[in-house]
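Please read the following points with the coordinates open beside you.

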Amino acid sequence: MTQTLRLGIAGLGTVGASVLRMVARRAEALTAATGRTITVTAVSARDRSRDRGVDLSGLHWFDDPVALARSGEIDVFVELVGGSEGAAKAAVEAALGAGKHVVTANKALLAHHGAALARMAEERGVALAYEASVAGGIPVIKAIREGLAGNDISRVYGILNGTCNYILSRMEAEGLTFEACLKDAQALGYAEADPTFDVEGFDTAHKLAILTSLAYGVEIDAEGVSVEGISAIQPLDLTMADELGYRIKLLGVAQATDEGIEQRVHPTMVPKASAIAQVMGVTNAVTVDADAVGELTLIGPGAGGAATASAVVADIADVALGLVRPTFGQPVARLTAPRRVEMQRHEGGYYIRLTVHDRTGVAAGVATRMAEANISIESIVQRRSAKAASSDPQGLSGQPVPLVLITYAATEGNVREALAAIGRDGLLAEAPQLIRIERE
């Protein structure tokens, strides 16, 4: 193929403007690599007057992204609008319906409608490409779908949200509260004015659902992901993690078990010596455990205009080469329904921080309830302030103090059962903190 590949870009925010610049800057190299001239011919965005730092004068402007998607002026529709419904969904459906290739960075759209959109792409013989939807500039989609096609994958997990990793990194390094670090993240543009989607784990859950489909050949099941965010993490938890040889990261984890596939997003303690524990700031990382290659970790920028544009342009280059692959690694009809493993059945080590009344017998009472739930305790640490220890050396004041437990492998259901019993015994001054441990 030697004809020009014409692009239409919907959404001219940071990523869209970066794609425009990258396509122009890399024009000769892209032609040399693909054998085709790649050019942007049309764009769509909400505000025509906004200065985006790129020259739009020679491009056809569409106020409606759906009209752009159907236009005869383009061969590839690049969707950078965002959102699982509304204009993004309508425009992608229109593009596929018109026989256009689609390149998108929209993880929410794929997490909720990926199978239906992939089926449309298959029926029309066009590409639905989405490397930029997970982990920004890290080529994890291609790595799993193509590079590891000869492997059985037992687990895929990672740091998939730079906002959360930035906050946890700052909390650990500087002893700051979650609220203080979130405020800084918002001031720096790392977090939205409403940060819920990021800090409560939903962004990570959408990305994990996509990776799960690729890794295990199953239909995307975003509703099957157990999700917890980082807003309850306190500086003491990070301090204790450090003393115990761990760091706390918000991880998305998909794991094959005898019962089915676990999909979970939650704060996790990872060994400080592990590769993923070294990933700080807004950086992302994905680790794949596979039978042939062992443990493979990919680390890089998970967001930002240039990094995300890099993934978008890589997909565009594939389209120019005529590479139309099954969206999720195999035809949609061959994807199986995932067997959900409920979080209650998860088994692993746990960090449990209890705020208990500082009085005789409390630790023994906690240990008894743990034993009754068949939970073995690896270590137990009671933290009393120096002032409290000097004024009340026998611990008779009844003031709240933290009691930290590390368990051996236990099920989530048993841990929850023990904590409920401890609460009924009146031993707790506040709700317990529970963080899973992901050991290598």
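1. Between domain 2 and domain 3 the count is 3 salt bridges, a salt bridge being a side-chain nitrogen of Lys or Arg within 4 Å of a carboxyl oxygen of Asp or Glu. Glu-228 forms a salt bridge with Arg-436, and the closest N and O atoms of this pair are 2.9 Å apart.

2. This is a predicted model, in which local features need pLDDT of at least 70 and side-chain atom pairs count only at pLDDT 80 or more, while totals for chains, interfaces and linings use all residues. Residues are numbered from 1 along each chain as its sequence is written, and side-chain values use heavy atoms, with hydrogens and water left out.

3. Polar contacts between domain 2 and domain 3 come to 7 residue pairs, both residues being at pLDDT 80 or more; such a contact is a pair of N or O atoms within 3.5 Å, where within protein one must be able to donate a hydrogen and the other to accept it, and residues adjacent in sequence count only if both atoms are side-chain atoms. On the side of domain 2 that touches domain 3, α11 (235-243), β9 and β10 each supply at least two residues, and β10 gives the most, with 6 residues. Helices (H or I, at least four residues) and strands (E, at least two) are DSSP runs, numbered from the N terminus.

4. The domain assignment, which is automatic or from a database, gives domain 1 (4-133), domain 2 (148-301) and domain 3 (344-437). In contact terms (heavy atoms within 4.5 Å), 18 residues of domain 2 meet 17 residues of domain 3. The area buried between these two domains is about 1,500 Å², of which carbon and sulfur atoms give 57%; buried area is the accessible area (1.4 Å probe) that two parts lose on being put together, summed over both. Within domain 2, Asp-237, Met-240 and Met-269 lose the most area to domain 3, together 32% of what that side buries.

5. How many of the 11 residues of strand β9 (residues 246-256) are buried? The number is 9, where buried means under 20% relative accessible area (1.4 Å probe, protein chains only).

6. Strand β9 pairs in the antiparallel sense with strand β10 (residues 261-271) over 11 bridges, and with strand β7 (residues 153-159), also antiparallel, over 4 bridges; pairing requires that DSSP finds at least two bridges between two strands. Tyr-246 has Pro-271 in β10 as its bridge partner, whereas Tyr-157 stands opposite Val-253 in β9. The hairpin of β9 and β10 has 4 residues between the strands, and in this hairpin Gly-260 takes a positive phi near 150°.

Conventions:
Buried means under 20% relative accessible area, exposed over 50%, partly exposed in between (1.4 Å probe, protein chains only).
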